[in-house]
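Here are my notes on the model, as numbered points. Please read them with the structure open.

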Amino acid sequence: MTTVLETCGIAPPPGAAAELTVPLCFFDIVWLHFHPIDQLIFYDHPCSEEEFSKTVVPNLKHSLSLTLKHYLPVAANLLYPHHIDKSQPVIRYVSGDTVPLTVAISGRNFDDLVGSHARESDQFYDFLPPMPPLTEQENYKIAPLVALQVTLFSDRGFCIGLSNNHCLGDARSVVGFMSTWAEINKCGGDKNFMLRNAESLPLIFDRSVFGDISGITDKCWNMMRNIPLAPSSPLLPTNRVRAAFTLHQSDIKKLKNIALSKNPDIVCISSFVVTAAYTWSCMVKSAAAADENDPEVFFYSADGRGRSNALVEPPVPINYFGNCLGGGPVKLERNKVAADSGFVEAAEAIADHIMNNVNNKENFLKNLDNWLSKSSKLVVMSALRVSGSPKFDLSDADFGWGKGRRLEVLSMDKEKYSMSLCKSSDSDGGLVVGMSLPRERMEVFTALFEDGLKLIE
């Protein structure tokens with residue numbers, strides 16, 4: 001159904017820096033053994049095979065090369081020391097390093113793939129680029145950080161596939177790279193990008209923006225260093241289906257009103273809060289019976305750039321490229337989330353956590369020493385994690401074909417439970433929740449999600 005036409009490596013253009021070495025810090029090292037972040041963006045844009053091969057692909061290659069001049073770590077590799085070596089991991093670019101790009105054509109049904117209904121997850125892996133294998137030198141393993149793929153659906157559209165190691169950067173960093181590539185491709189060069197972003201260029205890669213956190217970085221690396229760096233590849237079959245659920249702005253407004261009618265004192269009752277709370281409560285209700293007193297956990301991330309915090313003053317600059325995430329786990333007893341009032345209970349808990357741990361600069365990015373110990377304990381609990389953010393939405397990247405029709409986060413298949421979140425493609429300001437679940441669980445979740453919205457009309 002899908003045929004690979006070409007695989008190649010794209011290098012930064014002549015005149016780019018010859019080398020760059022970026023030591024990892026605590027905020028990067030915690031992600032070293034996390035699975036790659038795998039995402040697909042589908043675009044509506046009728047295109048013939050001839051136009052694709054003669055115009056679209058050459059333009060994408062040229063614009064990607066120009067983009068790498070500004071985002072050099074994307075073309076770099078992770079150097080992971082052997083456990084007997086006392087050094088720490090670094091991201092290193094040297095002249096000759098490239099980003100792997102796969103070019104493919106597919107005969108799969110484009111309209112079915114971009115639908116909202118439950119679709120088999122396995123078929124989407126045709127459009128995910130393979131990450132090059134690990135290589136080894138005397139003192140360390142070498143791991144590529146990014147792989148890209150462009151797939152044509154003749155006379156229907158394209159899919160851009162992205163796989164990246166999370167230690168390279170968070171959503172703001174990766175979406176920034178993809179948006180820049182899209183803008184340069186659309187404009188045919190990087191002059192407009194450089195003029196529009198004159199105040200934020202060059203990007204900052206220096207981890208010293210966090211101040212002196214060498215102690216917690218050393219502690220984190222000592223916990224990680226004995227874990228072998230292993231290649232990650234899709235585990236097929238996934239035995240999952242994926243579906244998308246749209247909350248229109250009218251739905252979000254009704255959910256906010258319900259939460260505030262139950263508790264007028266809720267602060268931070270945002271669109272994110274009610275969307276996450278509603279999804280969380282539906283997820284818990286869709287599960288098989290379990291101990292009502294077992295804790296349920298909701299994980300979310302908050303960008304730390306430009307935000308007052310307990311770690312460093314002034315805050316981390318907006319144009320920092322890397323990982324800079326706070327946020328945390330929200331815990332509630334299962335019986336509260338699964339109750340008829342579970343949505344309101346969840347909304348109160350999430351809003352309260354954001355107010356006290358993100359919006360409160362005395363607590364945000366505080367007590368980094370406790371993060372690892374808390375996270376390791378929470379892994380065994382029933383948890384729902386958010387992937388993606390409407391603020392840093394990959395489907396906004398416009399390569400000249402308009403904004404993305406559908407965003408699929410394939411890496412959710414590797415997690416027990418996870419939800420993706422992005423803006424709706426319509427103009428009403430709604431949000432789209434993406435889910436990946438076993439088919440029977442998805443059927444129960446779908447009924448709860450859709451029937452619950454009907455009851456609030």
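This is a predicted model: local features need pLDDT of at least 70, side-chain atom pairs count only at pLDDT 80 or more; totals for chains, interfaces and linings use all residues.

1. Start with Cys268. Cys268 sits in the loop between α7 (249-262) and α8. Its phi is positive, about 65°, although Cys268 is not a glycine.

2. Asp155 is another residue to check. Asp155 is in the loop between β10 (146-153) and β11 (157-164). Phi of Asp155 is positive, near 65°, and Asp155 is not a glycine either.

3. Next, the cis peptide bonds. Leu236 and Pro237 are joined by a cis bond, with omega near 0°. Pro237 belongs to the loop between α6 (214-224) and β12 (241-247). The bond from Glu313 to Pro314 is also cis, and its omega is about 5°. Here the proline is in the loop between β13 (295-303) and β14 (325-333).

4. Now the overall build. The protein has twelve helices and 18 strands. Its C-alpha atoms fill a box of roughly 60 × 55 × 45 Å along the principal axes. How does the radius of gyration fit a compact globule? For 457 residues, such a globule would have a value near 23 Å; the protein has 22 Å, which agrees.

5. Take contacts between residues at least 6 apart in sequence: 80% of them join residues at least 24 apart. Buried residues account for 52% of the 457 residues.

6. Which members of the largest nonpolar core touch the most other members? They are Leu148, Trp280 and Phe298, in a core of 123 residues. Helix α8 (residues 271-285) gives the most to this core, nine residues. As a general point, nonpolar side chains tend to be buried together in soluble globular proteins.

7. Ser418 is a polar case to inspect. Ser418 lies in strand β17 (residues 418-423). Why does Ser418 count as buried? Its relative accessibility is 2%, and the cut-off for buried is under 20%. Beyond four places in sequence, Ser418 touches Leu384, Arg385, Ser387, Met412, Gly434, Met435 and Ser436. Take Arg385 from that list: Arg385 and Ser418 are 33 residues apart in sequence, yet 4.6 Å apart in space, C-alpha to C-alpha.

8. Last, surface and charge. The protein exposes about 19900 Å², and carbon and sulfur atoms supply 51% of that area. There are 43 positive and 53 negative side chains. How far apart are the centres of the two sets? They lie 2 Å apart.

Key:
Residues are numbered from 1 along each chain as its sequence is written. Side-chain values use heavy atoms; hydrogens and water are left out. A nonpolar core is a set of buried Ala, Val, Leu, Ile, Met, Phe, Trp, Tyr and Cys residues joined through side-chain atoms within 4.5 Å. Buried means under 20% relative accessible area, exposed over 50%, partly exposed in between (1.4 Å probe, protein chains only). Helices (H or I, at least four residues) and strands (E, at least two) are DSSP runs, numbered from the N terminus. The radius of gyration is taken over C-alpha atoms; the globule rule is 2.2 Å times the number of residues to the power 0.38. Contact means heavy atoms within 4.5 Å. Accessible areas come from the Shrake-Rupley method with a 1.4 Å probe; for residues, only the protein chains shown count as cover. Lys and Arg count as positive and Asp and Glu as negative; His and the chain ends are not counted. The place of a charge is taken as NZ of Lys, CZ of Arg, CG of Asp or CD of Glu.
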